[in-house]
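Please walk through this model with me, from its sheet to its pocket and then to a few details of the backbone.

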Amino acid sequence: MEFIAPLDPGWEAALAPQAAAFEQVGERLRARRAAGEQVLPAPEHILRAFRQPFADVRVLVLGQDPYPTPGHPIGLSFAVDRHVRPLPRSLANIHREMHDDLGITPPAHGDLSAWTDQGVLLLNRALSVRAGAPGSHRGLGWEQITEGAVRALCARGTPLVGLLWGADARRMAPLLTAAGAGVVESPHPSPLSAHRGFFGSRPFSRVNRLLEAAGAAPVDWRLPD
């Protein structure tokens with residue numbers, strides 16, 4: 001199976017206009033698997049972000065595509081399962097910046113699901129990747145779906161802040177600002193770009209200030225051990 005639902009009912013309604021795009025992506029993934037390609041993440045995780053309640057999302061953390069290392073991607077951008085060691089370097093850099101920004105001692109794990117419980121949506125622009133090949137599923141059709149997701153969030157008219165990491169994610173900034181959402185953007189936290197403006201960007205405190213300015217509660221970014 002290409003990807004496994006069910007989704008949150010709010011997301012089902014919000015993504016209904018993308019039915020044809022989902023069908024197209026599914027056909028392309030099926031063909032790639034039939035040709036022997038190892039597609040990541042596992043089918044049950046590809047749409048995991050959309051199991052989070054649509055109505056509760058107040059922060060959109062938008063990345064590029066899943067980790068290309070087998071065992072790493074779990075359907076939530078930048079996150080890995082709690083047992084994964086060592087952490088992907090992008091995630092280690094996120095932990096470092098969280099410490100520098102908020103003084104939070106980073107946990108040893110990379111499970112970011114505690115953020116989703118507070119309305120933080122961890123989404124990538126592309127929701128699948130070929131093992132060992134970063135960016136390999138760009139242009140597969142995911143971008144239409146994830147842009148549709150961002151548009152649906154903007155259309156709710158409730159407080160929303162986009163945290164956009166990397167060039168693919170930052171292309172959504174005009175859409176968010178046009179809808180009145182807050183935007184915090186920087187280079188990607190990967191080791192190739194973190195020193196070009198991710199480190200020192202203080203994204204977590206900036207997001208919280210924008211939430212509070214919009215009348216919403218700040219996020220508690222701590223990750224329990």
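Four strands make an open sheet, in the order β3-β2-β5-β6, and they pair in parallel. Two strands count as paired if DSSP finds at least two bridges between them. β3 (120-124) and β6 (182-186) stand at the edges with a single partner strand each, so one side of each has no neighbour in the sheet. From one strand to the next, the twist averages 15°. Such angles run from 0 to 180 degrees between N-to-C directions, with axes as lines fitted to C-alpha atoms. Look at β2 (residues 59-63): five bridges join this strand to β3, and the two run parallel. Within that pairing, V61 stands opposite L122 of β3.

This is a predicted model: local features need pLDDT of at least 70, side-chain atom pairs count only at pLDDT 80 or more, and totals for chains, interfaces and linings use all residues. Residues are numbered from 1 along each chain as its sequence is written, and side-chain values use heavy atoms, leaving out hydrogens and water.

Next comes the annotation. An unreviewed UniProt entry lists residues 50-211 as "domain: Uracil-DNA glycosylase-like". UniProt annotations may be inferred rather than shown by experiment. Over residues 50-211, the chain is 31% helix and 14% strand. The end C-alpha atoms of this stretch lie 22 Å apart.

Now the pocket. A pocket is an open set of points on a 1 Å grid, where a 1.4 Å probe fits, with protein on both sides within 12 Å along at least five of seven lines; lining residues have an atom within 4 Å of a point. Of the 31 lining residues, D65, Y67, P68, S90 and H188 are the closest to the centre. α3 (43-46), α4 (89-102) and β3 each give two or more residues to the lining. By class, the lining has 16 nonpolar, 12 polar and three charged residues. Tyr and Pro count as nonpolar here, and Gly as polar.

In one of them, R202 meets D101 at 3.4 Å, N to O. This pair links distant parts of the chain: D101 is in α4, while R202 is 101 residues away in the loop between β6 and α9 (203-213).

Finally, the backbone. Most residues other than glycine have a negative phi, and most peptide bonds are trans. The L40 to P41 bond is cis, with omega near -5°. P41 lies in the loop between β1 (39-40) and α3. R85 and P86 are also joined by a cis peptide bond, with omega about -10°. P86 sits in the loop between β2 and α4. F78 also lies in the loop between β2 and α4. Its phi is positive, about 75°, although F78 is not a glycine.

Definitions and conventions. Salt bridge = Lys/Arg side-chain N within 4 Å of Asp/Glu carboxyl O.
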